Structure formats: C-alpha cells, structure tokens
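The numbered points may be read alongside the sequence and the model.

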Amino acid sequence: MDSYEKLGEILARQHGAIRRSQAIEAGLTPAKLATLVKTSHWSRSDRGIYVSASAPPTWRRQLWAAYLGRPDALVTGRSAAHLLEFAGVPPTQPELLLPFTGNARSQLAHITRSRLFSLVGHHTIDGLRVTNVAETLLVLGYRNPPAHIERWIDELMADGRLSASHFDLIFARLANARVRGLPALRRIVMARDHDSYQPPTSQLERLLYRLLEDDTLPPSARQLPFVFETVHATVDAYIPSWRMVVEADGRRWHTRKADFDRDRARDNAAATRGIVVIRFTYRMLKSDPSACKRTLIEAGKWR
C-alpha cells in the first residue's frame, strides 16, 4: 500500500481531517504536504491539522479536526449528546473535555476542563472517545436548565439507556465538589432512584409525577398493572391507602377512539372494585397544580 492509499484510508476514517504527524507517518513528505496545501487539495484547519477539499464540509469533519488537535480530549457536551442521539440536540460547535492542566484554547472547539479527567467515564463512537450518557448529562448541566436535563433523563430512562445507578461513580467522585448544575442533577436522579420507578414518557406524565411527589400526599405507585376479569391495564399512578387511581389525560396523548374506549372500560372495572379514578388534563397540571393537589386531598378524605 503506497502513501496515498494510506492517506485515503485515514481521511475516510476521520471524515476528511488529518493530523500532520499522521500524514508524515503514512509516508507523506513535508514538501508533498506543502504542495497539497498550495494546490488547495488540502487546507490548514488548525495548528498541525488539515482537511481534504474532496471531503464534504460536514459537522463530523469539523468535529474530527477539533478532536485531532487535542489528542488527549473527550468529545462531550452537546457534541456528545448529538453523537449519543439525545432527542432534539442538533450538531453545534464541537465541545471537548480536557485535563485541567495544559492549554485550554482551541480555534475549533469549546473547551471544558476537569481536575478528575482520568476518572471520567467514556466509550468510543465512530473512532472518537466520547463521554458516556451520564457524564454527558453532567456537562450539559453546566449550561442547561434543570427542566432540560430532567427531560433528557426521563427519555433516556424510558428508552432503557440510562438508570440512576449510572450516576453512582459521578456522585462519589464529586461528593465534596462545587460544580454548577450538580445539585439539580443529583435531585433529579435521586427522585428516580427506586427499583419500581418507571420513567414517564411525556411531559404530561412528568407533571403528574411531580404533583404526586408532594410530601403531603400518601405514597403512590407508578405505572402499576391492574388485572380485572375483563380488563388488563396499566395506570399512570395508584395511591393504595386511598384506593385511588390518578391519571394524566389529554386528547393529544389519547387521540384514537379505541384509547378512549379502553380507558373508560378500565375506569368502570376499577369502580366495580371500589377504586375511584381521578383524571387531570395537561392544562390543569401545568396551570394550577395546587388545585389538583386539593382535589386529591378532598377526595382522599372520603376514602
């Protein structure tokens, strides 16, 4: 295999980006490298980093160019979230995580540094070292509101890609650290650290579960299966001490007639067992959660 074939393999693997040292190791002389730049076949992206003009100017090429310039780095933040396919995270300026020592400047990437870099969990995606899901959420917490972090965590838990235990090493490592966003992240995770927890799959359910976490209400079970003679169903929440089912309801999430029929059959089956069903709409939960709580408490007095 000649030097140009070797270079072609490297460029294909790295989406059109290459480090000067890689090119030299593949057999390209400094003079030939200078010729490639002079003839615009290659262009200099950063110090010691080049990109091929024949490769499309994609976000992946930009990310690889930034990554090659810092060989000790991990891809993190929104860049990692995009590679890990977090919902609603588009490709943005590359973000890298580096050890705390050394130069943190980059022309191509936003840099975050960690004093405990060697302990950061990561894996490899498309040849790039990328922070794992839990570590990525930690970094996202630096600059994103808790509501966004909560949504991502719920969606990832619902997909089976994340559990509360994945944060154990992070919280142990940062037990005495003052890190922006860490307290909110810990609260969100701890609220979901239970063997029977089933993560909500919609904003509607998140609002309902937040209401039921109020300490003035009795404990409730989430996503509890109910088996009646004619109906097998799973309810959003059940308060055992009040024999009360609590459902988040809305046409946006229950659009088909079959869904309505199934819900009503379930409600009727529950009534035959002396179980009351309370339903709240999205607007009720969003606009006046206090009124929803009062409704539960008043209904509970009769149970």
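1. Leu7 belongs to helix H1, which spans residues 3-13. The model is a predicted one, and in it Leu7 has a relative accessible area of 3%, so this residue is classed as buried. Beyond its neighbours within four places in sequence, Leu7 is in contact with Ile18, Ala23, Ala26, Leu28 and Trp42. As for its distance from another part of the chain, Leu7 and Asn103 are separated by 96 residues in sequence and by 29 Å in space, taken from C-alpha to C-alpha.

2. In soluble globular proteins, nonpolar side chains tend to be buried together. Here the largest nonpolar core holds 45 residues, and those with the most contacts inside it are Val75, Phe86, Leu137, Ile153, Leu162 and Phe167. Helix H4, residues 59-68, gives the most to this core, contributing seven residues. Another core, of 19 residues, lies apart from it; Leu207, Leu208, Leu212 and Ile239 are among its members.

3. Phe86 deserves a separate look. Which residues does Phe86 contact, leaving aside its neighbours within four places in sequence? They are Ala81, Val133, Thr136, Leu137, Leu140, Trp152 and Leu156.

4. Five aromatic pairs are found when the whole structure is searched. In one of them, Phe167 and Phe171 have ring centres 5.8 Å apart and planes at 20°; an angle under 30 degrees counts as stacked, so this pair is stacked. Phe167 has 0% relative accessibility and therefore counts as buried. Phe171, at 10% relative accessibility, also counts as buried.

5. A further pair is formed by Phe226 and Tyr238, whose ring centres are 5.0 Å apart. Because their planes stand at 75°, and over 60 degrees counts as edge-to-face, the pair is edge-to-face. Phe226 lies in strand E9 (residues 221-227) and Tyr238 in strand E10 (residues 232-239), so placed that the pair links distant parts of the chain, 12 residues apart. Both Phe226 and Tyr238 are buried.

6. Two arginines are placed over aromatic rings. The charged end of Arg151 sits over the ring of Trp152, at 5.5 Å from the centre of that ring. Arg186 lies over the face of Phe171, and here the distance to the ring centre is 5.0 Å. Phe171 is also the partner of Phe167 in the stacked pair described above.

7. Asn144 is located in the loop between helix H6 (133-140) and helix H7 (146-158). The side chain of Asn144 makes a polar contact of 3.3 Å with the side chain of Arg78. A polar atom of the Asn144 side chain also lies 2.8 Å from the backbone oxygen of Leu140. Leaving aside its neighbours within four places in sequence, Asn144 is in contact with Arg78, Ile149 and Trp152.

8. Side chains of opposite charge can pair when their charged atoms come close. The count of salt bridges in this model is 10. One of them joins the side chains of Asp126 and Arg60, with an N to O distance of 3.0 Å. This pair links distant parts of the chain, 66 residues apart: Asp126 is in the loop between strand E7 (122-125) and strand E8 (128-131), while Arg60 is in helix H4. Asp126 counts as partly exposed at 36% relative accessibility, and Arg60 counts as partly exposed at 27%.

9. Arg173 and Glu135 form another salt bridge, with their closest N and O atoms 2.8 Å apart. Arg173 lies in helix H8 (residues 168-173) and Glu135 in helix H6, so the bridge ties together parts that are 38 residues apart in sequence. Both Arg173 and Glu135 are buried.

Terms used:
Residues are numbered from 1 along each chain as its sequence is written. This is a predicted model: local features need pLDDT of at least 70, side-chain atom pairs count only at pLDDT 80 or more; totals for chains, interfaces and linings use all residues. Side-chain values use heavy atoms; hydrogens and water are left out. Rings of Phe, Tyr and Trp (its six-membered ring) pair if their centres lie within 6.5 Å; planes under 30 degrees apart count as stacked, over 60 as edge-to-face and the rest as tilted. Buried means under 20% relative accessible area, exposed over 50%, partly exposed in between (1.4 Å probe, protein chains only). Helices (H or I, at least four residues) and strands (E, at least two) are DSSP runs, numbered from the N terminus. A charge sits over a ring if NZ of Lys or CZ of Arg is within 6 Å of the ring centre and within 35 degrees of the ring normal. A polar contact is a pair of N or O atoms within 3.5 Å; within protein, one must be able to donate a hydrogen and the other to accept it, and residues adjacent in sequence count only if both atoms are side-chain atoms. Contact means heavy atoms within 4.5 Å. A nonpolar core is a set of buried Ala, Val, Leu, Ile, Met, Phe, Trp, Tyr and Cys residues joined through side-chain atoms within 4.5 Å. A salt bridge is a side-chain nitrogen of Lys or Arg within 4 Å of a carboxyl oxygen of Asp or Glu.
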